[in-house]
Amino acid sequence: MTDLTATMTDLKIFGIAELIQVQAEFDEAKEANKELLAHITRMECEKMELGCELERTNAKLSESNQSNVELTASIMKLLDKFRQLKRGKEEIYQELAARTCNRNE
């Protein structure tokens with residue numbers, strides 16, 4: 001019976017040692033999971049910040065595009081006025097030329 005008791009005691013000690021080892025590994029894995037979760041949380045925050053920055057950039061780009069459209073429209077109006085002035089200038093020169101010819105005749 002002594003051998004059996006010794007064997008059972010050895011098995012209990014071995015079992016307790018195994019349990020302690022498994023618990024230690026579990027605790028390490030649990031800590032690693034906490035660190036991983038913290039890292040994932042930081043990355044999610046960064047993702048949200050980048051999303052907000054992207055929205056702000058898109059808004060600025062949209063404003064810039066609108067300004068460019070308005071500026072292009074203003075330039076087109078000025079160009080049209082310039083063409084009208086150029087036509088008016090040519091008409092004045094033609095009329096002056098015609099008057100000069102009429103005087104010389």
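This is a predicted model: local features need pLDDT of at least 70, side-chain atom pairs count only at pLDDT 80 or more; totals for chains, interfaces and linings use all residues.
Me: Why is C52 called partly exposed?
Reply: C52 has a relative accessible area of 40%. Buried means under 20%, exposed means over 50%, and partly exposed is what falls in between (1.4 Å probe, protein chains only).

Me: What makes E53 and R56 a salt bridge?
Reply: The term calls for a side-chain nitrogen of Lys or Arg within 4 Å of a carboxyl oxygen of Asp or Glu. For E53 and R56 the N to O distance is 2.6 Å, so the pair passes the 4 Å limit. The two residues are 3 apart in helix α1, about one turn of the helix. (Helices are DSSP runs of H or I with at least four residues, strands are E runs of at least two, and both are numbered from the N terminus.) E53 is partly exposed at 39%, and R56 is partly exposed at 45%.

Me: How many salt bridges does the whole structure have?
Reply: The search finds 2. R99 and E95 also meet in a salt bridge, with 2.6 Å from N to O. They lie 4 residues apart in helix α1, again about one turn. R99 comes out at 47% relative accessible area, partly exposed, and E95 at 44% relative accessibility, partly exposed.

Me: What makes M76, L79 and F82 a patch?
Reply: Patch members have over 30% relative accessible area and no salt bridge; like charges are joined within 9 Å, and nonpolar side chains (Val, Leu, Ile, Met, Phe, Trp, Tyr) within 5 Å. L79 has 33%, so it clears the 30% cut-off. The three form a nonpolar surface patch with about 290 Å² of accessible area together. Areas come from the Shrake-Rupley method with a 1.4 Å probe, and for residues only the protein chains shown count as cover. L79 is in helix α1, residues 2-104.

Me: Why is the patch of E18, E25, D27 and E28 called negative?
Reply: Asp and Glu count as negative, Lys and Arg as positive, and His and the chain ends are not counted, so these four form a negative surface patch. Each charge is placed at NZ of Lys, CZ of Arg, CG of Asp or CD of Glu. E18 has 39% relative accessibility, so it is over the 30% limit.

Me: Is I20 exposed or buried?
Reply: At 56% relative accessibility, I20 counts as exposed. I20 belongs to helix α1.

Methods: Residues are numbered from 1 along each chain as its sequence is written. Side-chain values use heavy atoms; hydrogens and water are left out.
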